[in-house]
Amino acid sequence: MEQTIRVVVAKVGLDGHDRGAKIIARALRDAGMEVIYTGLHQTPEQVVEAAIQEDADAIGISILSGAHMTLVPRIVDLLAEQGADDVAVFCGGTIPKGDVEKLKELGVGEVFTPGTPTTRAVEYIREAIPARQG
Amino acid sequence: MDTRRGARDSRNSQSSRSRWEAAYREKGERDAEFSTMSGIPIKPLYTPEDTDDDQDEKLGYPGEYPYTRGVYPSMYRGRLWTVRQFAGYGTAADTNERFKYLISNGQNGLSVAFDMPTLMGLDSDDAMSQGEVGREGVAVDSLEDMERLFDGIGMDEVSTSMTINAPANVLLAMYVVAAEKQGVQPEALAGTNQNDILKEYIAQKEWLFPPEPSMRVFRDMLAYSTEHMPKWNTVSISGYHIREAGSTAAQELAFTLADGFAYVEAGIEAGLDVDDFAPRFSFFFNSHLDFFEEIAKFRAARRIWATVMRDRYGAKSEKSLLMRFHTQTAGVSLTAQEPYNNVARTAFEAMAAILGGTQSLHTNSLDEALALPTEEAVRIAVRTQQIAALETGVTNTIDPLGGSYFVEALTDEMERQAYEYFEAIDEHGGVIDAINAGYQMREIAEASARYQRELEEGKRYMVNVNVYEAEEESEVETHAVPLEVERDQKQRLTDLKSRRDNAEVDRLLEAVQEACRSGDNTMYPVLEAVRAYATVGEISTAMQQVFGSYRETPVI
């Protein structure tokens, strides 16, 4: 039986700009996915714990503070350590192009910069998680 | 004779109007949404019928009540607005160098951007600070960093704007003590601290305590600076972040002014005379892309502030009625696709702020959807302001759009919507109760989702995003802060803690907590703690132990 895709949308670090996170959360929900929004000021540990507890298929990280090269790789590493590296990780926010490539090399599935339509995030998740089309 | 001519003119204009209406219908309209960004429907044509009979009174003259046409009699013919670009990165020493460069280029208004940990009242060595130290602004942990920030800069010669809110009391204390060490008394200090904690709960989300104790700390600072710092703007009431969080222009206007009124009430509650502190209040607005709506917002803001200050709070001094404001162009309007197009967006937004009568302006840099700006990008942003000021001629007359049927009608509409929101906030029991109920945040989230939906449904356009889509992202060089900054800053903090009198620090932190508990003005013990080099994290934590921490209930 097909299951609904579950996505944790997370604000990690100290950044309080949550417009993008909320827009993505709504768009994914409107697309029929189950969305768990963590709220602000989460540590990488908290985000990974939430994803595991919620049996999430994907984690969407919104970050505009410039701390993405410290915090996002930490999330990817923690997922691997916990044997949860099947959880797809995608990011959005103010992320320079050079860092986009680096993040992808580290295992981040997709990076959405400002101005990207939410439909692209929906499409990305549907492609990344084909087994759970709901 | 005259009467007959009047009747004939009126007949003529009525027939002209129906002729035009018929011609307009015949031509038809192109397929587009004719409404402002916040959804106010726009007619094809505005005429005198769209303005009220008391239009002249609602306009007044520049520098006269109700200040719709500007706060000063001469506006930009007397003096241009201040170019106040926001700067701060890395360590205090890095930013000090940038400040000296700016001063040597003729800038005497400094604007300090603090890094995220400082904004949240955390020290650089806090676990939550990891990856954020010196990244989006300068790291200031202690008085020592503040002294370094202003090393070699006469603090009585510059006016400093500090973008700081939750720990604004600690940073203000550091600024006062650093000046004292230069032999400069607080009376001589000129500048602004943002100090707008209410908008943090609504939009920016950098907080320490729940709203009620935060307002208590605000009252303490207001009382202190009213007594000791006559040249200091005690608060810059900020709509900027509310707009960046996705609000409409009307929401930005209404929520910001409502916050402003809450601060006025806090001052009155502290036993101060409104005319003793209100003249030191200033405002900070966003300038977005919907040109006329933005201009109308600024003009309505001045009129509402003057009216409410006079009629509700009994302000008598003209200075209490003047809404002086800084503007920043909308960061959220910039796109990562084809970033050079952002120069055009920023220029239009800057022009709206200028036509709206701003006192000071920050223009965003073209690369800000990608990273912190490079020096070259900042220079283009400054040049945009200079071109507007000196080449376009818009500064040659005051309020050039005053009397425009459309702009006046839109100004009235913005004003009407703001009063509607004031009523809704009152129905919630005031600003703080509305915040606690999540009211403003929900309104903003709704508006933001609506706008996004309109974009994705193609009802709104964003060039190179949903129309004339960019083939690929352009390459622009971006600015990066080296990771060593964090390591070095943490090392300096460790050194400081080993050098200072830690027993004395503990005693003074206890005194801060005692003031929090007793209701004494907290500003004085905070000044003492800062003098002994207690850190921003230590003082904030000490206060949090009494006041509690804030956690929001996230609203999607």
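Student: Where is B:Tyr533 found?

Tutor: B:Tyr533 sits in the loop between α22 (523-531) and α23 (536-547) of chain B. Helices (H or I, at least four residues) and strands (E, at least two) are DSSP runs, numbered from the N terminus. Note that this is a predicted model: local features need pLDDT of at least 70, side-chain atom pairs count only at pLDDT 80 or more, and totals for chains, interfaces and linings use all residues. Residues are numbered from 1 along each chain as its sequence is written, chains are lettered from A and ligands numbered from 1 in the order in which they are written, and side-chain values use heavy atoms, with hydrogens and water left out.

Student: What is the phi of B:Tyr533?

Tutor: First the general idea. Most residues other than glycine have a negative phi, and most peptide bonds are trans. B:Tyr533 is not a glycine, yet its phi is positive, about 70 degrees. A:Asp55 is not a glycine either, and has a positive phi of about 50 degrees. A:Asp55 lies in the loop between α2 and β3 (58-63) of chain A.

Student: Which peptide bond is cis?

Tutor: The bond that joins B:Tyr65 and B:Pro66 is cis, with omega about 0 degrees. B:Pro66 belongs to the loop between α2 (55-59) and α3 (75-78) of chain B.

Student: Is B:Tyr533 buried or exposed?

Tutor: Use the cut-offs. Buried means under 20% relative accessible area, exposed over 50%, partly exposed in between (1.4 Å probe, protein chains only). B:Tyr533 has 18%, so B:Tyr533 is buried. A:Asp55 has 44%, so A:Asp55 is partly exposed. B:Glu408 is buried because its value is 0%. B:Glu408 is in helix α17 (residues 405-427) of chain B.

Student: What is A:Leu40 in contact with?

Tutor: Contact means heavy atoms within 4.5 Å. Leaving out residues up to four places away in sequence, A:Leu40 touches residues including A:Lys11, A:Asp15, B:Trp207 and B:Arg551. A:Leu40 lies in the loop between β2 (34-37) and α2 (44-53) of chain A. Its relative accessible area is 4%, so A:Leu40 is buried. The C-alpha atoms of A:Leu40 and A:Ala10 are 7.5 Å apart, though 30 residues separate the two along the chain.

Student: How many residues of each chain are in contact with the other chain?

Tutor: 35 residues of chain A meet 43 residues of chain B. Now the area. Buried area is the accessible area (1.4 Å probe) that two parts lose on being put together, summed over both. Here the figure is about 3,300 Å², and carbon and sulfur atoms give 55% of that. In chain A, A:Leu14, A:Arg19 and A:Arg26 lose the most area to chain B, together 23% of what that side buries.

Student: How many salt bridges cross the interface?

Tutor: A salt bridge is a side-chain nitrogen of Lys or Arg within 4 Å of a carboxyl oxygen of Asp or Glu. The rule finds two between chain A and chain B. One of these pairs A:Arg26 with B:Glu446 (2.9 Å, N to O).

Student: In what order do the strands of the open sheet in chain B lie?

Tutor: Strands of a sheet pair through backbone hydrogen bonds, either parallel or antiparallel. Two strands pair if DSSP finds at least two bridges between them. In chain B, four strands form an open sheet in the order β2-β3-β4-β5, with parallel pairing. β2 (109-113) and β5 (232-233) stand at the edges with a single partner strand each, so one side of each has no neighbour in the sheet. Five bridges join β2(B) to β3 (residues 159-163) of chain B. B:Leu110 stands opposite B:Thr160 in β3(B).
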